[in-house]
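I opened the model today to look up a few things. My notes follow the viewer.

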Amino acid sequence: MKQKKRNKLIIGVIGTLLALLWLSPFYLMVVNSFKTKKGIFSNVLGIPEEWTFVNFKQAFIDLDFVNAFMNSLLISVVSVTIIILFSSMAGYALARNKSKISNALFMVFVAAMLIPFQSVMIPLISLFGKVDMLNPGGLIFMYLGFGCSLSIFLYHGAMSSIPASLDEAATIDGANRWQIFWKIIFPMLKPISVTVMILNIIWIWNDYLLPSLVLSAENATIPLNMFFFFGQYTKQWHLALAGLTLAIIPIIIVYFFAQKQIIKGVTDGAVK
Amino acid sequence: MKNRSVSFWLFITPTLISLALVVFVPFIYGFFYSFSDWNGLKATEFLGLANYAELLQDEAFISSIWFTIKFAVASIILVNIIGLGLALLVTQKLKSSSILRTVFFMPNLIGGLILGFIWQFIFISAFDAVGSALGIEALSGWLSTSETGFWGMVILNVWQYAGYIMIIYIAYLESVPEELLEAAEMDGANSFKRFWNVKFPLVAPAFTISLFLTLSNAFKLYDQNLALTNGGPFRSTEMVAMNIYNSAFKEYDMAYAQAKAVIFFILVAVVALTQVYYNKKREVDL
């Protein structure tokens, strides 16, 4: 028993050391964002000898942080909402219709997951450019197209645990499909909706490549402004790191409050 | 829901249209234009396989494929070993288990672009500082050679992705029945034997999932590559995704870039279909 306790202690110590190692990049980012240029030059690893907040002020302005944050928020929230509404509808319809056409359509949705973004990126931008859709609206539509496959797949799977007798009972009571879905089925799909929401929001909030091809400067999201900001301040690490710290803060706040749901959502998305 | 019923089509139309316009139409369109001299706006001539023939001579493209494969192999091995190690660690019923999970998983919530920039600082400044403090010369000048650029990419990817793969292993490890482990302990199996003979076979399905997730992730990687090395020095750390992007949006060679994109699709699809095949086979075996 004594040995078991000692083993546990050793494992605990290893775990703590590993966690510190994992966090060390964040530690270095944060401490150096409070240093002056000279401060970083003379001392990279330790805490600042004199703390300065000027870096954050300038990074905040140069990143156009409020604007970029609002753009990111708007695009993420609208895209994810649309993905949830339309994918749940399709997942429901495809699961309840057992015909050959329905199965074939489901396979089409799943097969689309095989196509990597880079394989369609060039013609996509060319086509949407021709119809003048390289703007936030066009981007949201693209997110629906790229995001719906996995989401429909997850909703389709979740439907198997909701008995069809529920639909039948509601039909007898005189409800139509539209009412059955929104009043009875959609609320029961809530757990999978949370998963779909988490997976898509992590992807869309952090996405760089697609918005970099679609959005103009005034609609830029946080990753886009981060890219330009970083290019502007290469070798001025004190400013660059303050910008990076700013960009990460919203994510850490959300993670702090919703870590259980986030980890569960990611697990469900990967294992199913 | 019947095929002919209006509601069936009403329910699937929004996603069907968006998927068609965003994925399938560009895919087919791009496939045809990869056989032409398309410049992004129009094509004047059918070139047959000329673009594809040119690919075979394109050293930068071929070396980007090799770099991607080397990167994928190194990543798969390290991510899975470390991811499984972390999963075993945090399922030991420690008091700190849930905090540890949170920490190891955290990098996955942050975009590859930002992670790449942070690690650029770590490799260039922090490595240098540690190196000169400890007198280890190998720690200075990181990312300035193709060797350190390669390992820099691998380290970043392992740091980010091991926590993600950990989550998958945890899901399987936690489904191992407690009674089974207790029974094994009663029979005198030590902790290594309990892992190897009891847990390991039950966790095997997680390997297939994790292996292919790591593989397809490695193939599609772009943001981290852009932020950490931007392909440098001298395009020696350029991965396939970045090579395609540069052909299209830096050299404006659209038809040629699309030919690369078609080859890229075939590579990724072969990987994914192999996974489907193995999963099916496994289900039959069980």
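How far apart do the C-alpha centres of domain 1 and domain 2 of chain A lie? I read 40 Å. Domain 1 covers 2–52 and domain 2 covers 61–216; the bounds come from an automatic or database domain assignment.

The model is predicted: local features need pLDDT of at least 70, side-chain atom pairs count only at pLDDT 80 or more, and totals for chains, interfaces and linings use all residues. Residues are numbered from 1 along each chain as its sequence is written, and chains are lettered from A and ligands numbered from 1 in the order in which they are written.

I checked confidence next. Chain A averages a pLDDT (the predictor's confidence in each residue, from 0 to 100) of 93, and 99% of the residues score at least 70.

On the H7(A) side I noted A:Tyr143, A:Gly147 and A:Ser151, among others; on the H10(A) side, A:Ile192 and A:Asn200 are among them. Contact means C-beta atoms, placed from the backbone, within 7 Å.

Last, I turned to the contact between the chains. Chain B gives 67 residues and chain A gives 69. H1(B) supplies the most on the chain B side, with 17 residues.

Notes. Contact = placed C-beta atoms within 7 Å. Helix = DSSP H or I, 4+ residues; strand = E, 2+ residues; numbered from the N terminus.
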